[in-house]
Amino acid sequence: MHEMALTRNVVDMVVNEAERAGASEVRAVHLTIGYVRDIVEDLFEGCFAHMAKGTVAENAVLSITRVPITVKCNKCNQVYHINVRDEKSLQCVACGEKDYVLNSGMEFFINDIEIVTPAELGAVEEIAC
């Protein structure tokens, strides 16, 4: 269950950045995660809620954008989607080769954190990560 380790890192980073910014609350955390990461979103969100209890991120909503797996053909430079469960999709759609490098799908980013500071009296601010 690698979701737990990934979630622990996200919670720690979010809490540290929010506290550094003087936040009284984290409203939302926006993540970009590639499909190669193979996380179970419901499990990840549940781990986040559990690990964030008692912190400024306790009520934060997670917004996850998933990035599909694409590869780039080493012969013709065509970028195309693959499905690792479908052997036919591993072949370049332009030239038919099966010689490629990963182009997208490994992403794991905290894009931004929406916070509220005591001085703002309910105004929302974003921290770019």
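Predicted model: local features only at pLDDT ≥ 70, side-chain atom pairs only at ≥ 80, totals over all residues.
**Entry 1: helix α1**

I started with the buried residues of α1, which are Glu3, Leu6, Thr7, Val10, Val11, Val14, Val15 and Ala18. By buried I mean under 20% relative accessible area, with exposed over 50% and partly exposed in between, using a 1.4 Å probe and protein chains only. Seen down the axis of α1, these buried residues fall within an arc of 160°, so they line one face of the helix. The arc is taken from the directions that run from the helix axis to the C-beta atoms.

Residues are numbered from 1 along each chain as its sequence is written, and side-chain values use heavy atoms, leaving out hydrogens and water.

Next I checked the length of α1 (residues 2–20): its 19 residues should span 27 Å at 1.5 Å a residue, and the end C-alpha atoms are 27 Å apart, which agrees. The expected span is 1.5 Å times one less than the number of residues. Helices (H or I, at least four residues) and strands (E, at least two) are DSSP runs, numbered from the N terminus. After α1 comes Gly22, with a positive phi near 80°.

**Entry 2: aromatic rings**

How many aromatic pairs does a search of the whole structure find? I got two. Rings of Phe, Tyr and Trp (its six-membered ring) pair if their centres lie within 6.5 Å; planes under 30 degrees apart are stacked, over 60 edge-to-face, and the rest tilted.

Phe44 and Phe108 are edge-to-face, 6.1 Å centre to centre with 65° between the planes. Phe44 counts as buried, at 0% relative accessibility.

Tyr80 and Tyr100 have ring centres 6.5 Å apart and planes at 80°, so this pair is edge-to-face. I noted Tyr80 in strand β4 (residues 79–81) and Tyr100 in strand β5 (residues 100–104), 20 residues apart. Tyr80 is buried at 4%, whereas Tyr100 is partly exposed at 29%.

**Entry 3: Glu25**

Last, I looked up Glu25, which lies in strand β1 (residues 25–34). Glu25 is partly exposed, at 26%. Glu25 and Ala57 are 32 residues apart in sequence, yet 6.2 Å apart in space, C-alpha to C-alpha.
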